[in-house]
Amino acid sequence: MERSKVTTTMAMAAVGLALLFMAPQADATRFIVGGGGVGWTTNVNYTVWAQGKHFYNGDWLFFVYDRNQMNVLEVNKTDYESCNSDHPLHNWTTGAGRDVVPLNVTRHYYFISGKGFCYGGMKVAVRVENPPPPPKAAPLNDKSGSSPSATFYRGQLVLPAAFAIAALWDTFVRIW
């Protein structure tokens, strides 16, 4: 009886590993605005900070700042350019000085700090895009002349065949 528990556990582990390798990856990134050592503060060029970064749908912006003085306001492009905080689209300020903004729509986002801090450089604009598609597998160099569909079906049969052979072997070992 003990041997069947071990076999069952091993089979479940094998299935779990197979599922792990077949599962799609969800790679969301949390960006600390300004970087870990600076955060959301005055006298930082956030345009330079955002350059070269790719912001994808599903990523997060993490604003770390002095909660007693500053805030995080999402505004339109016109208010961003003029540092107008009178009519924000969304006030992301929670009062803790550690605000997380989900970037869950593909578009431009504009953030400023009100109370005059925007004029000191506390504003950032990011463009959110859809993640790139996963890389395609390189074609196999099949010298036997078989069609690509035959290669596809052969690849689809390897894992189930391995499991079938393992099950037959387990049955054979139990009989002996």
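Here are a few numbered notes on the structure above.

1. Before we start: this is a predicted model, where local features need pLDDT of at least 70, side-chain atom pairs count only at pLDDT 80 or more, and totals for chains, interfaces and linings use all residues. Residues are numbered from 1 along each chain as its sequence is written, and side-chain values use heavy atoms, with hydrogens and water left out.

2. Let's begin with the sulfurs. A disulfide is a covalent bond between the sulfur atoms of two cysteines; here it is called from a pair of cysteine sulfur atoms within 2.5 Å. The structure holds 1 disulfide, formed by Cys-83 and Cys-118 with their sulfur atoms 2.1 Å apart. It links distant parts of the chain, 35 residues apart: Cys-83 is in the loop between α3 (77-82) and β5 (90-91), and Cys-118 is in the loop between β7 (108-112) and β8 (123-129). (Helices, H or I with at least four residues, and strands, E with at least two, are DSSP runs numbered from the N terminus.) The torsion about the S-S bond of Cys-83 and Cys-118 is about -65 degrees, so this disulfide is left-handed.

3. Are those two cysteines buried or exposed? Cys-83 has 11% relative accessibility and counts as buried, and Cys-118, at 4%, counts as buried too. Buried means under 20% relative accessible area, exposed means over 50%, and partly exposed is in between (1.4 Å probe, protein chains only).

4. Now the sheet. It is open, with 5 strands in the order β2-β8-β7-β4-β5 and mixed pairing; two strands pair if DSSP finds at least two bridges between them. β2 (55-56) and β5 stand at the edges with a single partner strand each, so one side of each has no neighbour in the sheet. β2 and β8 pair in the parallel sense over 2 bridges, and Phe-55 has Val-128 in β8 as its bridge partner.

5. On to the rings. Phe, Tyr and Trp rings (for Trp, the six-membered one) pair if their centres lie within 6.5 Å; planes under 30 degrees apart count as stacked, over 60 as edge-to-face and the rest as tilted. The count comes to 7 aromatic pairs. Trp-40 and Tyr-46 are tilted, because their planes are at 50 degrees, with centres 5.0 Å apart. Trp-40 and Phe-63 are edge-to-face, at 5.0 Å centre to centre and 80 degrees between the planes. Trp-40 is buried, with a relative accessible area of 1%, and Phe-63 is buried at 0%.

6. Which residues do ring pairs link into a cluster? They are Trp-40, Tyr-46, Phe-63, Tyr-109 and Phe-111.
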